[in-house]
Amino acid sequence: MRTLLIAALLAGLSACSYLTPYKLDVPQGNAVTADQVEKLKLGMTRAQVRFVMGTPLLTDAFHPNRWDYLYYDSKGGKVGENKRYYVLFEGDRVTGMGGDTLPARTVVGGKAPVNPREAAK
């Protein structure tokens with residue numbers, strides 16, 4: 001009986017190695033979409049860029065004329081997406097931009113009708 005109990009305990013302990021803790025999906029940084037990049041134009045000021053794109057994740061003290069927007073999306077503890085977009089300035093005006101973007105946000109439906117009961121008839 002004792003050996004049967006020890007064998008059952010050992011089998012139960014070996015099954016515990018297959019259990020892993022749940023790991024959250026964690027998006028971090030600035031999610032730059034194609035819609036935002038479409039609004040970005042050469043000659044815009046820093047304030048206008050900040051309004052369109054948001055505050056940059058990285059502003060380097062050694063390169064004050066470059067803003068970097070970084071985006072990481074980890075799924076299950078592993079980095080899935082790694083996107084980087086940059087904006088270059090000369091003085092206070094945009095002179096260049098480029099990098100990776102996320103797809104444009106899609107609108108699922110149109111505007112809701114003013115009177116839904118009338119629209120359903």
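Two residues are in contact here when they have heavy atoms within 4.5 Å of each other. Keep that definition at hand as we walk through this protein.

## The model and its overall plan

This is a predicted model, in which local features need pLDDT of at least 70 and side-chain atom pairs count only at pLDDT 80 or more, while totals for chains, interfaces and linings use all residues. Residues are numbered from 1 along each chain as its sequence is written, and side-chain values use heavy atoms, with hydrogens and water left out.

The protein has four helices and five strands. Helices (H or I, at least four residues) and strands (E, at least two) are DSSP runs, numbered from the N terminus.

How much of the protein is buried? Buried residues make up 21% of its 121 residues. The word "buried" means under 20% relative accessible area, "exposed" means over 50%, and "partly exposed" is in between (1.4 Å probe, protein chains only). The accessible surface comes to about 9,400 Å², and 59% of that belongs to carbon and sulfur atoms. Such areas come from the Shrake-Rupley method with a 1.4 Å probe, and for residues only the protein chains shown count as cover. Among contacts between residues at least 6 apart in sequence, 47% join residues at least 24 apart.

Which residues of helix 3 are buried? In this helix, Arg-46, Val-49, Val-52 and Met-53 are buried. Seen down the axis of helix 3, its buried residues fall within an arc of 125°, so they line one face of the helix. The arc is that of the directions from the helix axis to the C-beta atoms. On the other side of helix 3 you find Ala-47 and Phe-51, which are exposed.

What covers the buried residues of helix 3? The cover includes helix 2 (34–39), strand 3, strand 4 and strand 5. After helix 3 comes Gly-54, with a positive phi near 95°.

Next, the strands. Two strands pair if DSSP finds at least two bridges between them. Strand 3 (residues 66–75) pairs with strand 4 (residues 78–90) in the antiparallel sense, over ten bridges. One example is Tyr-72, whose bridge partner in strand 4 is Asn-82. These two strands form a hairpin with two residues between them, and Gly-76 in the turn has a positive phi of about 65°.

Strand 4 is also joined to strand 5 (residues 93–99) by six bridges, and this pair runs antiparallel. Here, Tyr-85 has Gly-99 in strand 5 as its bridge partner. Strand 4 and strand 5 form a hairpin with two residues between them, and Gly-91 in the turn has a positive phi of about 75°. In a regular strand the side chains alternate between the two faces of the sheet.

## Salt bridges

Side chains of opposite charge can pair when their charged atoms come close. How many salt bridges does a search of the whole structure find? There are three, counting a side-chain nitrogen of Lys or Arg within 4 Å of a carboxyl oxygen of Asp or Glu.

| Asp-92 | Arg-46 | 3.8 Å |

The side chains of Asp-92 and Arg-46 meet in a salt bridge. This pair links distant parts of the chain, with Asp-92 in the loop between strand 4 and strand 5 and Arg-46 in helix 3 (residues 46–53), 46 residues apart. Asp-92 is partly exposed at 39% relative accessible area, whereas Arg-46 is buried at 19%.

Asp-73 lies in strand 3 and is buried, with a relative accessible area of 8%. Leaving aside neighbours within four places in sequence, Asp-73 is in contact with Val-26, Pro-27, Lys-78, Val-79, Gly-80 and Glu-81.

## A nonpolar patch on the surface

Finally, look at the outside. Tyr-22, Leu-24 and Val-26 form a nonpolar surface patch with about 350 Å² of accessible area together. Patches are made of residues with over 30% relative accessible area and no salt bridge; like charges are joined within 9 Å, and nonpolar side chains (Val, Leu, Ile, Met, Phe, Trp, Tyr) within 5 Å. Leu-24 sits in the loop between helix 1 (2–15) and strand 1 (26–29), and Leu-24 is exposed, with a relative accessible area of 57%.
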